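Please read them with the structure open.

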Amino acid sequence: MAVRAEPVALWPGLVAAVLVAATMLAALTAVALRAETQLGLAPQDWSAIRFTVVQAALSALFSVALAIPVARALARRSFAGRGVLITLLGAPFILPVIVAVLGLLAVFGRGGWLNAALGVFGLPPLGIYGLHGVVLAHVFFNLPLATRLILQGWQEIPAERFRLAAQLAASSRDVHRLLERPMLLRTAPGVLALVFAICLTSFAVALTLGGGPKATTIELAIYQAFRFDFDLGRATLLSLVQIALTLGAATLALGVSGQAGFGAGLGRVVQRWDAQGAVRKALDAALILLAALFLLTPLAAITASGLQGLAHLPSSVSKACFVSAVVACLSTLVLLALALPIAFAAAKVPLVEHVGLLGLAVSPLVLGAGLFLVINPIASPAGLALPVTALVNALMALPFALRILIPKAREEVRLHARLAATLNMGAGQFFRLILLPRLRPQIGFAAGLAAALSMGDLGVIALFADPETATLPLQIYRLMAAYRMEAAAGAALLLLVMSVGAFWLCDKGGRLAAP
Amino acid sequence: MLRLENARIDNGGFFLDADLTVEPGQRVAVIGPSGAGKSTLLGAIAGFYPLTRGRILWGDSDITYAAPGKRPVAMLFQDGNLFPHLTVAQNAGLGIRSDLRLDAKQKARVDEALARVGLHDLGDRKPAELSGGQQSRAALARVLLQDRPLLLLDEPFAALGPALKAEMLDLVATLATETGAALLMVSHDPTDARRIARQVILVTDGHAAPPAETKALFANPPKALREYLG
């Protein structure tokens, strides 16, 4: 139905979208202009490219291969705590990478729980640094995501199909061939591509668990070229390679995957008549238990060692806490200032939505490097470390925020635009009286994600900061690098509480007064 | 007086022709088969669909290009007549000022209007806490406060039961008589038309006929109406 007068102003969204695109383009142009392409790639650059692709491919493969049986078990079993577990599968999204790494070190590291157990049986200890450590951390982060997406595929199979299959006396194997395999063939490639794309831009994991000539990602190589050699020509050349790779992977992921939702409607269990045997039930239970243990043990470990470490916190940590809180607040405000107008404009002109995708196509370190080049001639990059970090964090959170806000904004405009028009409501009034109150839960959720992502981010800040400035994640990394693991664990526990707390506050705030 | 002069309405590629006049204070039912263009006619008068030719006049002034909120029109839609997050009093208050900055005097007028439609003590409730009939009354309170000389009803009571629907239509008729507003209502049900409308606009095959007296029309229906009534 063609509504002529819609009470939504287009221009604030267009201005925001142009600002986002201009920032990205300025950074990319600065990189492209500076890159010394005639230098060519050195052998260590080629090895970084190779490692980046190999670790991303392995991470995607393991995440999806493990997610399929776990998702199947979750799809066909109902048990107490299923809802909590599915919610927890969404948690790694707001879990700071450095916290997870410390948790994984506490379980799988040299002095960790696993090696202690191996030692009891007289087995040699396992190392966690290098390719397998990087892949392990990536699987830790992406197995839950892959499980949720594949579980969604399972739940989109209509219950009637399972009923029909039961009517035909189909065995578990028949059901798999008839219903599940076609669904997996449709879903799994998209999830593989998505996880691959996410792992391509891995920085913090490679920084902490990788390193050295054998385990350096391109993002890490960019950072090293910047920080250790101040070789801008090489850093920008690597950035160009990274742009090509990310763009390719993002296009691939968008092409083969549908809309990756935030897990709406994962609550119900379809009644199944196959897979009833005791062995199958036990197998599913074991799978769910193992997956839960894999996800929860590192968190339990970091909590345990963090509680001990709290007593050993140096004063630098409290300062870093404050800095992180300020950066997260700033970043959340920037995000809302960009995302809200863009979302409302996108409710009217769908094309505007795509500006958010730029954040998926450009990696944080490349964006940071570009902004460094733009700022360097005018001001001291170190002086602007915190605002730039807040800005880059906001740009990275933008695609997720838009995905949360746009459907609801569109719905509200569709439902209420005509009535508002007959009441002669202007765009400002419609925004204040209708959109803002109606979108409160979505705004709270988006703000929570942005705050938590920014709070836990270890990326651009490492590129820009001088020794005096640090956000909490960077301070934790510095403590780790100085082998002060107890203090690092304590600070990590603080960071975990701050990230989850920031998310909870915003999300709850949005829901609390929701009409 | 509302006049559609040689008008052709464009509803996204569906066209409706209308050349007709509605007298002030008149009560007119708009009837016809589904898809014939009844809602399109009301939508165009309210300002939601453009004309490709002709014009719409209110008295002497041309309102063809006026924004929906600038027309002498209050409209009730099939659904979505209340904002779910605002209270009943706020929803009604939108009829006075769409920014809801009401002074004490205006708030008193809101209370008065709510009392008039039988919702005295329910001003603080949210629409979801009301019954279907009460929600319709709340929307009517707003229409009362909008105080426009032309009221358009696009089947707002379709979801109500027959008795409740009749009650609402009677209330609408009473209110329209009190305020002197003209009433245009889409209806599927000939009994509705007989009940409160003195005139009928018959819409068939992309053409809206000028208003005809209800009694005369039903006494001696033309071919299109006979086919519709079955």
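Which helices of chain B each supply at least two residues of the lining of the largest cavity?

1. This is a predicted model, in which local features need pLDDT of at least 70, side-chain atom pairs count only at pLDDT 80 or more, and totals for chains, interfaces and linings use all residues. Residues are numbered from 1 along each chain as its sequence is written, chains are lettered from A and ligands numbered from 1 in the order written, and side-chain values use heavy atoms, without hydrogens and water.

2. The helices asked about are α4 (132–146) and α5 (162–179); helices here are DSSP runs of H or I, at least four residues, numbered from the N terminus. The most comes from α5(B), with 4 residues. Among the lining residues are Ala74(B), Leu140(B), Asp147(B), Arg148(B) and Leu175(B). Lining residues have an atom within 4 Å of a point of the cavity, a set of points on a 1 Å grid over the protein atoms alone where a 1.4 Å probe fits but cannot get out.

3. The largest cavity holds about 110 Å³ of space, a volume being the space filled by probe spheres set on the grid points, joined across faces, edges and corners.

4. Chain B and chain A bury about 2,300 Å² between them, 61% of it on carbon and sulfur atoms; this is accessible area (1.4 Å probe) lost on being put together, summed over both. On the chain B side, Phe48(B), Phe83(B) and His85(B) lose the most area to chain A, together 28% of what that side buries.

5. Contact (heavy atoms within 4.5 Å) takes in 29 residues from chain B and 21 residues from chain A.

Definitions and conventions:
Buried area = accessible area lost by both parts, 1.4 Å probe. 1 Å grid on protein atoms, 1.4 Å probe; cavity = no way out; pocket = protein on both sides within 12 Å on 5 of 7 lines; lining within 4 Å.
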